[in-house]
Amino acid sequence: MSTPAPLRILEWNVAVYRRVWRSSLLTSFLQPILYLLAMGLGVGALVNRNTGSGHILGGVSYIAFVAPGLLATTAMMVGAIESLWPVYDALKWGRQYEAMSATPLEPGDIVAAHALWMLFRTGIAAATVAAVMALFPDVRSLGLIAAVPAAMLSGIAFAMPLGAWAITRDREMSFPLIQRFVIVPLFLFGGAFFPLSQLPLLIRYIGYSTPLWHGVQLCRSLTNGTSLSALAALGHIGYLVIWALAGGLLMRRFAKRRLFA
Amino acid sequence: MSPEPLIHATGLRKQFGDFTAVDGIDFNVQPGEAFGFLGPNGAGKSSTMRMIGCTSPISGGTLRLFGLDPATHGRDIRRRLGVVPQLDSLDQELTVEENLIIYGRYFDLSRAEARRRAVELLDFVQLTDRAKSRVEPLSGGMKRRVTIARSLINEPDLLLLDEPTTGLDPQARHILWDRLYRLKQQGVTLVLTTHYMDEAEQLCDRLVVMDAGRIVAEGSPRQLIEQHATREVLELRFPAGTNADNEAYALGIGDRHEVLPDRILVYAHNGDEALAKAIGAGAKPESALVRRSTLEDVFLRLTGRTLVE
């Protein structure tokens with residue numbers, strides 16, 4: 001019984017990752033700790049003092065509101081960044097994709113492996129955030145376990161479309177711009193730090209249309225045990241799945257065009 | 001009756017938009033043969049190699065490898081190919097051994113089998129002592145040998161080498177040629193591209209000369225030299241900028257001559273005799289050299305240009 005091709009490609013990812021995981025894991029621990037201390041406790045103290053804030057935040061303390069958002073934003077960051085430079089690297093600098101194309105592997109195998117790898121990386125990142133969250137009594141809950149896959153889904157909804165973009169590129173100049181003008185604004189305005197209802201209507205709808213907002217809603221309701229109708233939950237999940245699938249199909253198409261030209 | 005060719009191409013074409021990289025070429029490669037594509041950069045060698053390697057769909061004509069069509073059986077064909085690309089595609093961060101094992105896994109070898117073959121192949125390319133070292137600090141010649149070892153991990157029926165020694169120093173080239181020659185003796189079919197005529201002469205049983213996407217000549221190195229060049233070549237160097245003034249001395253002393261920017265070549269059966277005639281006529285070259293003719297001369301004859309500018 002032979003191993004499916006995408007899993008055999010993952011052995012390459014793992015071999016490379018084994019050399020760097022320590023440093024990458026340290027930052028993934030440190031970052032959420034700093035965020036939760038600063039935003040959750042620091043800013044939270046101010047927010048919670050404001051009467052009526054509890055109502056706007058859905059009846060929870062600020063840290064309980066902001067922390068689950070961090071699950072989704074972290075997964076988004078990891079999914080996005082790991083699908084830009086590393087994909088470009090494997091295409092142009094390291095040429096690992098070229099090496100793979102000379103073997104029985106097909107573009108679909110390469111893209112499936114990328115998707116699995118992104119699930120793994122976003123999973124590690126989200127699980128780390130969840131572990132840090134468990135240190136804070138207000139957000140400690142069994143729901144965190146279910147929120148991790150929701151975060152992974154949010155991450156891959158960014159990873160696959162951006163991977164599709166990266167594999168078409170001849171230069172990587174657009175990557176810092178994507179980071180600065182897409183990822184960072186989403187981080188700030190994707191509903192992680194405050195409810196989008198606080199924003200003007202137009203910006204609000206931009207926010208709703210991005211995968212991040214849907215991921216944040218899922219993570220938040222799962223962590224806090226706040227109610228989310230089955231329909232809404234399915235809507236969020238479906239929306240993220242569509243982004244991931246459409247991105248993956250595009251990436252496969254572009255990979256074929258690029259590697260088998 | 002020759003056996004069924006490993007590669008059979010007729011009217012093979014590759015088009016990128018308006019640009020024709022390969023313009024209708026015919027060739028066959030027989031099992032056990034070392035077959036070369038000789039030509040300058042841009043002649044269409046690499047495009048041809050990528051079509052043979054089933055990573056580039058053909059734009060026209062027919063191509064069969066092992067009797068299979070790359071358009072429908074790319075995966076099956078690639079399973080039986082070894083590919084040494086023009087630019088190294090090793091993972092620089094990983095060890096030599098890891099590179100081989102991971103690549104073996106792409107061919108669905110078991111880990112144990114990939115490991116066993118990696119040990120054998122590293123011995124073959126004389127890099128056993130480097131098995132555990134990262135690829136990045138290795139010399140260019142060593143990296144090429146790792147790439148060759150990697151290309152053999154699936155025990156290919158056909159090994160494709162795209163400019164295997166470009167950019168290597170002479171010593172590294174000779175080590176590589178030696179290894180490739182051993183493979184050939186073991187019966188591995190080699191197809192390689194090169195713009196070095198000495199490489200083609202060393203390794204190829206048969207080769208085609210390519211220029212601007214077409215095949216301009218075909219044969220064994222010896223046949224090509226016999227058909228398109230004389231036995232010997234006299235190279236005359238005159239003071240810079242006086243080649244045109246001195247061209248007259250080259251007339252009539254050999255079969256024909258070629259004026260290059262830095263020297264005049266005279267093609268003659270007997271180079272020394274031609275030189276004596278030129279000196280007798282009053283020529284005062286700064287230096288004169290008589291040598292056997294090479295594929296470079298064949299290429300010059302066929303295209304009017306040298307192989308490596």
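**Contact between chains A and B, and the packing of chain B**

The contact between the two chains takes 22 residues from chain A and 22 residues from chain B. On the side of chain B that touches chain A, the elements that give two or more residues are helix H2 (70-79) and helix H3 (96-106) of chain B. The largest share of this side, five residues, is supplied by H3(B). Sorted by class, the side of chain B that touches chain A holds nine nonpolar, eight charged and five polar residues. The model described here is predicted, and the values given below were computed from it.

The overall form of chain B was examined next. Its secondary structure comes to 11 helices and 13 strands, and its C-alpha atoms fill a box of roughly 75 × 45 × 40 Å along the principal axes. Of the 309 residues of chain B, 47% count as buried. Among the contacts in chain B with a separation of 6 or more, residues 24 or more positions apart account for 70%. Chain B is divided into domain 1 (7-219) and domain 2 (230-293). Taken over C-alpha atoms, the centres of domain 1 and domain 2 of chain B are separated by 39 Å.

The largest nonpolar core contains 170 residues, of which A:Leu71, A:Ala151, B:Leu160 and B:Val266 touch the most other members. Helix H4 (residues 62-93) of chain A provides the largest share of this core, 19 residues. Both domain 1 (7-219) and domain 2 (230-293) of chain B give residues to the core, which therefore lies between them.

The buried residues of H4(B) are B:Ala114, B:Arg117, B:Ala118, B:Leu121 and B:Leu122. Seen down the axis of H4(B), these buried residues fall within an arc of 135°, so they line one face of the helix. The face of H4(B) turned away from the buried side carries the exposed residues B:Ala112 and B:Asp123. The cover over the buried residues of H4(B) includes H3 and helix H5 (140-151) of chain B. Just after H4(B), B:Gln126 takes a positive phi of about 60°.

In chain A, attention was given to a proline within a helix. A:Pro161 has its place in helix H7 (residues 143-166) of chain A. A:Pro161 is buried, because 21 other C-beta atoms lie within 10 Å and the cut-off for a buried residue is 20 or more. Apart from residues up to four places away in sequence, A:Pro161 touches A:Trp243, A:Gly247 and A:Leu250. One of these, A:Leu250, is 89 residues apart from A:Pro161 along the chain, yet the C-alpha atoms of the two are separated by 7.3 Å.

Definitions and conventions: Residues are numbered from 1 along each chain as its sequence is written. Chains are lettered from A and ligands numbered from 1 in the order in which they are written. This is a predicted model: local features need pLDDT of at least 70, side-chain atom pairs count only at pLDDT 80 or more; totals for chains, interfaces and linings use all residues. Two residues are in contact if their C-beta atoms, placed from the backbone, lie within 7 Å. Helices (H or I, at least four residues) and strands (E, at least two) are DSSP runs, numbered from the N terminus. Ala, Val, Leu, Ile, Met, Phe, Trp, Tyr, Cys and Pro count as nonpolar, Asp, Glu, Lys and Arg as charged, and the others, Gly among them, as polar. Domain bounds come from an automatic or database domain assignment. A nonpolar core is a set of buried Ala, Val, Leu, Ile, Met, Phe, Trp, Tyr and Cys residues joined through C-beta atoms within 7 Å. A residue is buried if 20 or more other C-beta atoms lie within 10 Å of its own, exposed if 12 or fewer, and partly exposed in between; C-beta atoms are placed from the backbone. The arc is that of the directions from the helix axis to the C-beta atoms.
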